[in-house]
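Hi,

Here is the structure I promised to pass on. Have a look at it, and then read on for what turned up.

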Amino acid sequence: MSIDIKSLEDKYTIISNIKNGEEVFWKNPDYLTTTDLPFSMDDVLDAEQRLARFAPYIEEVFPETKQNNGKIESQIFSLDHFKNARFSHLKGRLLLKGDHALPISGSIKARGGIYEVLKFAEETAMKETDFTINSDYRLLATEQYQSIFSKYRIAVGSTGNLGLSIGIMSAKLGFKVTVHMSQDAKTWKKDLLRSKGVEVVEHVQDYGYAVKEGRKAAADDPYCHFVDDEASKDLFLGYAVSALRLKHQLKDLNIHVDKAHPLYVYLPCGVGGGPGGVAFGLKLIYGDHVHPIFIEPTEAPCMTLGMISQLHDQISVQDIGLSGKTIADGLAVSRPSKLVGNIMTSLLFGSCTVNDHQLYLYLKTLKDHENIFIEPSATSGFQGLKYIHDLNYDSENATHLVWSTGGNMVPENEQKIYYQEAVDIEKRGYED
Ligand SMILES: *Cc1c(COP(=O)(O)O)cnc(C)c1O
């Protein structure tokens, strides 16, 4: 299908700015309208209960989850020093949701990705044996189940982090697992997966191609479950569970969310499943008092482009001449999820874009002032603060929650390279 870009630009002038690689903020004109949503609170609760059933198993096979009783969850950090250093004019409170430090795979993918693998394991166990939801889930670590799972394969296409989470979890359960990686996937991620017995197939093309190849390879095999990042309901619901957890965490911190105390949540967006799932869950809980904002790289703003044009997955960033290339792992995505764009029509406050230089600078400021390292993609949420303040949505009663989506698995030498790049950018002088 050929798209008439010129008439899109005439209709939506912001598309011209996006096309030029500029940083933009787009306020969603359909925000808070009513639309039909394909999932409900019951679906999210079902996912939460499934994760609770698996907790004893997770605790046993991943001892690092012991302190949280097998719950894969992250902390909230208060960013007072970072705020003083970089956003001192911000009136509301600034918090970081630390998914960069989620156990098992060190990124937000430890939510959706692991959830989908566990759900498939549960279904398989029930199909092959007399396993029920009342069974002791620690049984799944025994040789009997390992041997059953070894007949099955799990496949996924990924730029890296989803591959890590699916690969590590699947291999632990005993599944055969294949990760189709795009050209931009980091060598250390491929090496790490191979060290765990994961088959890594490298493609010279981008993320979308890796997903397509994975889907194709899985289609002919009845013993293969394909994790479809572009359309998976299970991934989405796995991410959405985070909202139920966040509700308790904010309550424990005595942070109110209501009409007088709005909550702004800044979510780095790739294909959209992660941020979409989180935003959906938060909307179920906080309704009109929570405002989700997506952030994408200037070279890969696929969700923003799909939502503005309402063409969703029918338009790619290459269609408007962008490269889709960015340092931001997980965000180098050219076409948004088929599932998420429609769901977000009424739920997304707005979205904005950020360039790679800026990501490095956020990374360095966070390291310098809070001693927290997160990967470049995970820093993108900070970009939203700028616009929300400048557009006067900020207030003393507002809480700004930046979702930090990855970082803990990045090897130390790679962390140093990122940091050094930031130092160099600062030296050269970067105008924002
Ligand atoms: C995958 C990922 C995201 C975004 O998730 P999507 O579901 O692709 O939108 C954000 N940050 C990091 C670090 C990721 O790996």
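Is aspartate 136 buried, exposed or partly exposed? Aspartate 136 is partly exposed, with a relative accessible area of 36% (buried means under 20%, exposed over 50%, partly exposed in between, using a 1.4 Å probe and protein chains only).

Before the rest, some housekeeping: this is a predicted model, where local features need pLDDT of at least 70 and side-chain atom pairs count only at pLDDT 80 or more, while totals for chains, interfaces and linings use all residues. Residues are numbered from 1 along each chain as its sequence is written, and side-chain values use heavy atoms, with hydrogens and water left out.

Now the salt bridges (a side-chain nitrogen of Lys or Arg within 4 Å of a carboxyl oxygen of Asp or Glu). There are 24 of them in the structure. Aspartate 136 pairs with arginine 138, with 3.1 Å between the closest N and O atoms, and arginine 138 is partly exposed at 40%. Lysine 190 and glutamate 202 also form one, at 3.0 Å from N to O. Because lysine 190 sits in helix H8 and glutamate 202 in strand E6, this pair ties together parts 12 residues apart in sequence (helices are DSSP runs of H or I with at least four residues, strands are runs of E with at least two, both numbered from the N terminus). Lysine 190 is buried at 10%, whereas glutamate 202 is partly exposed at 45%.

E5 (residues 176-181) pairs with E6 over 4 bridges, and valine 179 has valine 200 in E6 as its bridge partner.

Last, the cysteines: the search found 0 disulfides (a pair of cysteine sulfur atoms within 2.5 Å). For cysteine 302, the nearest cysteine sulfur is that of cysteine 269, 5.9 Å away. Cysteine 302 is buried, at 1% relative accessibility.

Cheers

Terms used
Pairing = 2+ DSSP bridges.
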